[in-house]
Amino acid sequence: MASAGNMEIDSHTPMIVSDNTRGSLFRREVFYVPLGALLLMTLQFQTTPAPFEVQIIPLTSLLALAFLPFIMFDIRRSPLLLVMGVFVGYVLIHSLVLLVIDLAAGEPALRFFSWLRQCAALIAGFSVFLLLRETTQHLTDRQITRYIVWGSLPALLLAIVNILWGGLNQQWAGAVVTGVRSFVAPLGYTAPLRASGFSQEPATFAAVIVIVLFPVLFYMYEVQYRMWKTILYFGVVVLAFVWTFSVVGVALFAALVAVGILFGPRRKFFRRIGLASLAVLVAGLFLIPSNQILRHGRSIVLGQSNVSFIDRYYGLIGPFLMSFQTYTVFGYGLGGTVSHFEDVLPKEVQAAVASVKWKELPNLSTLIGRIYAETGALGLAFFLGALGMTFWEFRRAMNRAREPNRVAFLFAARLGFILACVASAMTLGSFHMPYLWLWMAIVDARYLQSLNEDVPGETLS
């Protein structure tokens, strides 16, 4: 088994190392390993308790922003970093120009506040990418898995307590869930029949489970973790996921199964996971007939208005529909949806979408829709270029991989990355949500490692 930290990177360096180099490597180990562990273990915290009304401040993103100055001068270059730098640089310059134009045209001060808010979100998300790509180079695949699992346990256990509250009517469980969530997510959604974990709402909790935890489970299965641990963790994850009763979660899980069956490498595994989870989900639907999934499904089948569906659907395609009716194709700058909300969505859905947003700060519910509306076609092209470069680096790292355990980890990272891309078109509409950056950073880190290794990978005991 490879040791923690930089062993994978430096396994083929010369035996004679200068004192300065040895000291530098030691300092990186001492700082980067615990920092990486901290970032991975806080992924479940989508909100940060604060004395002011801010809906979502992911703790991982806040920590990455705080520690960014400590690693800025120690960043290795890569093709993905270059493309991401071009995207972020373009977005910031483009948004600043549009901000000046809007303010000169008489837009209120709220436009500046919205721009500042979205700039902070973009920089925080980019900081997550930068710090995780550096720190995960000093972590083994098993360490990354371990820290993600450890960090998920409190949220999953809270979801199990939520089941005791809603499913078995245990009032003490309700007091525990309410008390914990009043601290970790004071403005979030808390109810007995829907688990939210440490997330803002059940839909985002379900999305995190699918994007992060199911790929981790795939890796645990592939490298043959102790079977009882894998089965126990899988059972807890599935129960928590089902109790979210999230339509978005079900759609993302269907995407997970589809990706696994279509692209492999363990198609039978994904068929089994799909069937087992489907059975649990169906049982949950029948046991709790008044759940959110059935309500949404019934309204869609009957052709009734469904604000949640309208919000997400038009949050994605609305800006594209307005491409040639307004200046959306050029983008309105970061935070521009506040002043140009009526320009980025069709008129007939504006009232419905606005009804589920903050009155002063309306926005779009998907990241892809927001990028197009605020950065235009060119900004979206840069962003898609970064996604494409991630796939390119994955292929390069895979081609150099020889150890089966490393291959399994790379496949898990690809699965998580694809699901994060799908989620960006369905939910998770802010730049500072760390899950897409997480998998991009891991792929980039393993690509950089592959450049320094003749036979990359690690042997897990």
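Analyst: Buried means under 20% relative accessible area. Keep that cut-off in mind; this is a predicted model.

Start with Arg-406. Its relative accessible area is 2%, so Arg-406 is buried. Its side chain meets that of Asp-141 in a salt bridge, 2.8 Å from N to O. The two partners are 265 residues apart, and the pair links distant parts of the chain. Arg-406 sits in helix H17 (residues 404-424), Asp-141 in helix H6 (residues 141-168). Asp-141 has a relative accessible area of 0%, so Asp-141 is buried too.

Next, Arg-266. A salt bridge joins Arg-266 to Glu-222, with the closest N and O atoms 3.0 Å apart. Arg-266 lies in the loop between helix H10 (247-263) and H11, and Glu-222 in helix H8 (residues 202-222), so this pair ties together parts 44 residues apart in sequence. With a relative accessible area of 40%, Arg-266 is partly exposed.

Now a network. Arg-133, Glu-134 and Asp-444 are joined by salt bridges that share partners. Between Arg-133 and Glu-134, the closest N and O atoms are 2.6 Å apart. Both Arg-133 and Glu-134 are buried. In the whole structure, a search finds seven salt bridges.

Arg-267, Lys-268, Arg-271 and Arg-272 gather in a surface patch of positive charge. Patch residues have no salt bridge. Arg-272 belongs to helix H11 (residues 267-287). Its relative accessibility is 54%, so Arg-272 counts as exposed.

Conventions. Residues numbered from 1 in each chain as written. Predicted model: local features only at pLDDT ≥ 70, side-chain atom pairs only at ≥ 80, totals over all residues. Heavy atoms only, no water. Patch = residues over 30% accessible without salt bridge, like charges linked within 9 Å, V, L, I, M, F, W, Y side chains within 5 Å. Areas by Shrake-Rupley, 256 points an atom, 1.4 Å probe, with all protein chains shown as cover. Salt bridge = Lys/Arg side-chain N within 4 Å of Asp/Glu carboxyl O. Lys, Arg positive; Asp, Glu negative; His and termini not counted. Charge placed at Lys NZ, Arg CZ, Asp CG, Glu CD. Helix = DSSP H or I, 4+ residues; strand = E, 2+ residues; numbered from the N terminus. Buried < 20%, exposed > 50% of the residue type's maximum accessible area, 1.4 Å probe, protein only.
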